[in-house]
Amino acid sequence: MSISRTIICLLGMLLVVLPSFGLATESPKDMAGTGYFRDQDTRPGVLEFYRQLPGGENRLWGMGPKRQVIRRSSFKKDAHNGVADFSPELRCQKCHIPQTKDLHGLRMGITCVQCHRSQPVAGIYHYYSALNPIRRHAYVCAKCHDGATPSFASYLVHEPNPIVSETRNTFPLFYYAVWVMLILAVGVFIFFLPYTGLWWIREFITRLKGRPNHG
Amino acid sequence: MARERTRLKRFTPVHRLWHLGLILIFMTLSVTGIAWMYFETPWGRGVANLFGGYLNVLEIHRIAGLIMMVGFTLHILYMIYRIDWKRFPGSLLGPDTLVFQWVDVKGFVAHLGWIFGFNKLPRFDRWSWWEKFDYWAVWWGLIIVGVTGLMLYNPVLTSDYMPGWMLNVALWVHRIEAVLAMGHIFTIHFTVEHWRPSSFPFNAAMFDGTIALEEAKHEHPEWVARLEKNGLLNEAVVSPPPVPLRILYFLFGYSIIFLGLFLLVFAIANAALLTLF
């Protein structure tokens with residue numbers, strides 16, 4: 001039994017052991033949005049896994065978006081099933097006005113069906129929905145955003161109004177960051193605009209009196 | 001014919017170059033950023049079309065933003081190089097540095113008092129409190145708008161290092177800081193530097209590097225007195241730049257001012273068409 005054979009054996013064992021370390025430390029960063037499914041995308045109990053992703057409750061001291069109240073219709077194959085007065089002929093805007101006021105729609109002209117797919121529109125948590133969080137990044141986001149990851153897909157396309165008090169509970173960081181910036185900006189203008197105006201008037205009056213500048 | 005030496009050197013060529021660079025890159029970012037922000041309005045689309053559509057506008061905005069960040073980094077290195085490390089940290093204080101000191105608080109109170117007619121105009125040294133504020137405001141602005149801008153530069157890459165919903169936050173912070181910066185420059189900065197009765201119609205100090213000695217005696221009397229006491233005044237007094245150069249400064253300055261006012265007026269006029277929420 002030579003030393004070289006022992007070393008080869010050890011190396012062989014390392015090769016077997018190392019990849020399992022890799023699996024144990026899997027993080028969202030490793031999950032490049034290739035569009036392929038891995039085991040963890042499809043196995044039962046996957047929701048627990050996705051709670052730990054960026055956007056889950058535990059990241060950044062709970063300052064991120066909280067999971068919204070999920071409606072029962074979000075799990076249906078046809079989300080509009082059972083909605084009174086619903087007709088496939090209606091325009092989405094008739095009922096979903098707030099959802100039409102975001103950058104994707106307003107600036108890029110993305111239509112609802114480009115992400116939500118055509119009739120019947122599946123609930124976003126329906127098992128086969130393209131927008132189901134387990135495949136949203138690959139089936140929807142990556143259509144335009146090459147290489148989109150689950151982390152990327154936690155961007156809120158239909159973002160809440162940042163300045164209303166409701167957002168303090170649903171997405172605290174968004175609420176506080178926007179308010180801090182607004183107070184900073186409004187504070188600067190509230191102070192400097194009158195200051196500059198009065199300053200101008202003071203110099204003007206000095207001029208009128210015919211004294212040299214700044215009397 | 002020798003021109004009369006009536007002007008006092010205030011900014012070095014390097015100072016003027018920093019300011020010129022900042023003007024050019026800031027205006028590029030303003031025009032392209034506003035075009036993108038107002039892209040849902042006909043005016044915004046019109047401005048974007050001048051650059052060949054939204055893809056180009058965004059690309060120019062991104063590249064200009066990177067150039068601005070490089071410029072900011074270089075400026076920080078320049079500042080580190082300029083600090084007198086032998087006398088540090090005492091060298092950070094004194095009348096020639098832009099560091100806020102107690103004298104600026106007193107200067108501010110006295111200036112406010114002068115506006116309301118309670119006291120005489122305070123005797124400012126080289127830099128008054130609002131000039132220091134203008135300088136440091138660029139720092140705070142660049143840090144906020146720069147960090148969020150880099151986050152938005154490549155959203156997919158950014159979301160490898162932080163949750164994707166941070167982009168929701170970044171965009172709003174970027175936007176508010178940009179509106180604050182543009183609003184401040186196009187109203188307050190232009191008024192204080194160019195439209196005050198004592199500066200009207202155009203204060204070329206940042207372009208030719210000098211101010212009128214008479215003006216300096218009114219606005220920065222302590223500085224002039226200090227130069228005189230140290231025997232530096234005579235060599236700091238120079239003749240005005242040649243007329244063609246002054247015309248060039250004026251035309252350049254006012255094309256930038258008009259561009260700023262154009263953005264300001266149309267941005268306000270179209271603000272109601274903007275969907276923010």
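B:Pro89 is placed in the loop between helix H3 (54–82) and helix H4 (102–115) of chain B, where helices (H or I, at least four residues) and strands (E, at least two) are DSSP runs numbered from the N terminus. A cis peptide bond, with omega about 0 degrees, links B:Phe88 to B:Pro89. Another cis peptide bond joins B:Phe200 and B:Pro201, again with omega of about 0 degrees. B:Pro201 is found in the loop between H7 and helix H8 (205–208) of chain B.

This is a predicted model, in which local features need pLDDT of at least 70 and side-chain atom pairs count only at pLDDT 80 or more, while totals for chains, interfaces and linings use all residues. Residues are numbered from 1 along each chain as its sequence is written, and chains are lettered from A and ligands numbered from 1 in the order in which they are written.

Chain B as a whole has 12 helices and 3 strands. Its C-alpha trace spans about 60 × 45 × 40 Å along the principal axes. Of the 277 residues in chain B, 27% are buried; a residue is buried if 20 or more other C-beta atoms lie within 10 Å of its own, exposed if 12 or fewer, and partly exposed in between, with C-beta atoms placed from the backbone. Among the contacts in chain B with a separation of 6 or more, 70% are between residues 24 or more positions apart. Two residues are in contact if their C-beta atoms, placed from the backbone, lie within 7 Å.

Which residues touch the most other members of the largest nonpolar core? Such a core is a set of buried Ala, Val, Leu, Ile, Met, Phe, Trp, Tyr and Cys residues joined through C-beta atoms within 7 Å. In this core of 45 residues, they are A:Phe174, A:Ala177, B:Ile34, B:Ala35, B:Val169 and B:Val173. Two or more residues come from each of helix H8 (172–208) of chain A and, in chain B, helix H1 (13–37), helix H2 (42–50), helix H5 (129–153), helix H7 (166–195) and helix H12 (243–269). H7(B) supplies the largest share of this core, 13 residues. On the side of chain A, at least three residues are drawn from each of domain 1 (31–159) and domain 2 (162–215), the bounds of which come from an automatic or database domain assignment.

One member, B:Ile34, is in contact with B:Val47, B:Leu263 and B:Ala267, leaving aside its neighbours within four places in sequence. A second, separate core has 9 residues, including B:Phe207, B:Ile211, B:Val224 and B:Leu227.

The contact between the chains takes 46 residues from chain A and 33 residues from chain B. On the side of chain B that touches chain A, helix H6 (155–161) and H7 of chain B each give two or more residues. The largest share of that side, 15 residues, comes from H7(B). Its residues divide into 19 nonpolar, 10 polar and 4 charged; Ala, Val, Leu, Ile, Met, Phe, Trp, Tyr, Cys and Pro count as nonpolar, Asp, Glu, Lys and Arg as charged, and the others, Gly among them, as polar.

A:Asp85 lies in the loop between H3 and H4 of chain A and has a positive phi of about 65 degrees although it is not a glycine. A:Asp85 counts as exposed because it has 7 C-beta neighbours inside 10 Å. A:Arg91 lies in the loop between helix H3 (46–51) and helix H4 (103–106) of chain A. With 9 C-beta neighbours inside 10 Å, A:Arg91 therefore counts as exposed.
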